Amino acid sequence: MTMLINSPQTVVTDALRGMAAAHPELDVDVERRVVARRDARSGGRVGVVSGGGSGHEPLHAGFVGYGMLSAACLGEVFTSPVPEQMVRAAAAVDSGQGVLFVVKNYTGDVLNFEMAAELAEEDGLRIERVLVDDDVAVTDSLFTAGRRGTGATLFVEKIAGAAAEEGAPLERVAALARQVDACSRSFGVALSACTTPAKGSPTFDLPDGELELGIGIHGEPGRERRPMMSAREIAEVAVGAVLEELAQIGPADGPVLALVNGMGATPLLELYGFHAEVARVLAERGVPVARALVGNYVTSLDMAGCSVTLCRADEEVLRLWDAPVRTAALRWGL
Amino acid sequence: MRDAEFFRRWMVAAAAAVEREADRLTELDSPIGDADHGSNLLRGFTAVIAALETEPTAATPGAVLQLSGRTLIGTVGGASGPLYGTLLRRTGKALGESAEVSDAELREALSQGVAAVAQLGGAAPGDKTMLDALVPGVAALGTSYRAAGNASQDGALATVPMRARKGRASYLGERSIGHQDPGATSSALLLGTLADVAEPAGAR
């Protein structure tokens, strides 16, 4: 065990205790694993609630705050939270305007949020759901559980949160969230496997000098293994794969939001270097980058690697992207 | 006829089996999932035992299974929580409020539980999921409990050459071939313990 933890059983609650201590502006329910804005119910806003397994920090709790999520619920490492947590989070942030559930397309998240939506609606809440499914590595979706939800989750949460902050009604917030998901595609690369606290050893075997192309965010292997490539070559493959699918969505010369995301163990020095290559490929292909974000946002524990997410953005999405945000992990404009 | 006590014994035996096999389930989940199936189920069944001890109101077979199912949904998370929870909850619901149920009634109720799992997960036998153990297992209940345990065990083993089409393993495509499905394996444990409780060794 080479991890900075007390025990595998307490990693999530220990992290929440630390988060509570570092962020008094957040309402952290350590026992039930729900993190909410203290002022969530005071603004008469639509609630935006997300959640998922732990191990993807700062997603999701790090995005709770002004202009983004109203609340997040946390599951065990890489395991969806349970319906009770989601219902509790929704009730904690509902001010009568309804609640949007942001759900990543993984079987566990989908099933638990589905049950939670039913229960919350039985309690009289209005619930809408948006399913985030942006990962282009899953091509054969007829024979899988469909495209995975990865980096675009950040885009969806930011845009939906900004719209809710402005006072947009539930249907509009949900429609914008669905638009952002439909216009976003991602591709991930792993340079190492990750180590879950429960197992204590890497989740799959990736020898030195090799990399996995087309990974998700749970330490699952990808669609292809190759000898190690340079940042330049990886950017060609990743951006190429994303653009190929984005071309089916809208005008190829429209502006994009770009996220170069680290998987947890890749330093910013490497991520910025990789971003330089991503920006170069996009420029060569005539795709204008309206806004770019580089950093560790949708991670996979201690996995080395990165992902590229692009979102075709219209003027309203750009405006909402620029809108002020103040969360533990993302803040600007205030 | 089977009373509430029988179903409590089944849940206790299932919890013991999950505890015994937790490391193996997690190991099976490692190459094609995310290495937590054993620890997640252990957390759930530990909570089931605690709930059954503190809920004396669960006095019928249906109530025992419904409480167990709700507890699994509330504690396991992931896909296993809703799927196992639905299996037990729907089976319990189908058993109704009788104080005792016949083996034929249990067989029919379990079929309904399995059908609910198939519907919730959108899966079918051959997709390399828990259904590959549950469907043949419940079908063999017509013969005997032991036959059901064995058929589900064979069903779990038969997932090895399959290509996963549902759940996280589905993202591996061809590379999911050659690994036994952890969900089918734990499902075989569940039906195996049912056989142990219904037909204790020596009574075969």
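Of the contacts in chain A between residues at least 6 apart in sequence, 73% join residues at least 24 apart, where contact means heavy atoms within 4.5 Å. Keep in mind that this is a predicted model, where local features need pLDDT of at least 70, side-chain atom pairs count only at pLDDT 80 or more, and totals for chains, interfaces and linings use all residues. Residues are numbered from 1 along each chain as its sequence is written, chains are lettered from A and ligands numbered from 1 in the order in which they are written, and side-chain values use heavy atoms, with hydrogens and water left out.

Now the overall picture. Chain A has 8 helices and 15 strands; these are DSSP runs numbered from the N terminus, helices being H or I with at least four residues and strands E with at least two. Buried residues account for 60% of the 334 in chain A. Here buried is under 20% relative accessible area, exposed over 50%, and partly exposed in between, with a 1.4 Å probe and protein chains only.

On to the backbone, friends. Most residues other than glycine have a negative phi, and most peptide bonds are trans. In chain A, the bond from Glu57(A) to Pro58(A) is cis, with omega near 5°, and another cis bond joins Leu59(A) and His60(A), at about -5°. Pro58(A) sits in the loop between strand 3 (47–54) and strand 4 (65–66), and His60(A) is in the loop between strand 3 and strand 4 too.

Which loop holds Arg33(A)? The one between strand 1 (26–29) and strand 2 (34–37).
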